[in-house]
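User: I'd like to go through this model with you and check what the labels rest on. Can you take my questions in turn?

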Amino acid sequence: KKQQHSHDLNCSLTDLYQGATKKLKITRQSVSAGRSKEHTFEIAIKPGWKDGTKLTYPGEGDESKPGQAQDIVFVIKTKAHEHFTRNGSDLIFHVKNVPLVQALTGFEVDVTALDGRNIKVNVRDIVSPSYTKLVRGEGMPKSKEPGVKGDMILTFDVKYPRTLSDQVKLQLKAALS
């Protein structure tokens, strides 16, 4: 079996959402006349590709004997994103510092999608610590199902007040009983 040489191909979540083209230059050992020591790969990143996706380029690596060169394998690695975490085809978006009054009465969240669109999400349910809000079809594209996307899942961090006066506590008890 031919040897393989692996390289990580770091991609942003946006690259894996929209698709992108990456250019990578490698230096390789050659013993054949006319085989260049440098080779540039132009790699088309397909929307929806996942961590660990492997792209194999047969015979493009180091050459030990004329006509016998290693395969080059690029392995997709996802760089961390500031706002989103990927879970398969779903995108997790964590909403921070939701005031308790909004968690109880409802609010709107503006999410900037990976393609730059602004998605307004109305939250009308009471937000408990384990509550999640699902936005269908706003996750990652599915590479094997063109036009189909996973979901966006919002999680919430509710900000509780540090102190409450006795009067406010009595009002809360009356309102919530």
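What follows is a run of questions and answers about the labels.

Analyst: Before we start, this is a predicted model, in which local features need pLDDT of at least 70 and side-chain atom pairs count only at pLDDT 80 or more, while totals for chains, interfaces and linings use all residues. Residues are numbered from 1 along each chain as its sequence is written, and side-chain values use heavy atoms, with hydrogens and water left out.

User: How many helices and strands are there, and what makes a run count as one?

Analyst: You'll find three helices and 15 strands.

User: Why is Cys11 called buried?

Analyst: Buried means under 20% relative accessible area, exposed means over 50%, and partly exposed is in between (1.4 Å probe, protein chains only). Cys11 has 0%, so it counts as buried. This residue lies in strand S1. It touches Leu16, Lys22, Ile45, Ile76, Lys77, Thr78 and Lys79, leaving aside residues up to four places away in sequence; contact here means heavy atoms within 4.5 Å. Thr78 is 67 residues from Cys11 in sequence, yet 5.1 Å from it in space, C-alpha to C-alpha.

User: Why does Ser89 get the label buried?

Analyst: Ser89 has a relative accessible area of 15%, which is why it counts as buried. Its place is in the loop between strand S8 (84-87) and S9. Among the residues that Ser89 touches, beyond those up to four places away in sequence, are Lys50, Met140 and Asp151. Across the protein, 33% of the 177 residues count as buried.

User: And why is Gly147 called exposed?

Analyst: Gly147 has 85% relative accessibility, so it counts as exposed. You can find Gly147 in strand S14 (residues 145-149).

User: Which label does Asn97 get, and why?

Analyst: Asn97 is at 49%, so partly exposed is the label. It sits in strand S9.

User: What makes the phi of Asn97 worth a remark?

Analyst: Phi of Asn97 is near 55°, a positive value in a residue other than glycine. Most residues other than glycine have a negative phi.

User: What makes a set of residues a nonpolar core, and which members touch the most others here?

Analyst: A nonpolar core is a set of buried Ala, Val, Leu, Ile, Met, Phe, Trp, Tyr and Cys residues joined through side-chain atoms within 4.5 Å. The largest one has 36 residues, of which Val109, Leu154 and Phe156 touch the most other members. Elements giving two or more residues to this core include strand S1 (4-11), helix H1 (13-18) and strand S15 (152-159). Among the contacts of Leu154, not counting residues up to four places away in sequence, are Phe93, Val95, Val109 and Tyr131. In soluble globular proteins, nonpolar side chains tend to be buried together.

Conventions
Helix = DSSP H or I, 4+ residues; strand = E, 2+ residues; numbered from the N terminus.
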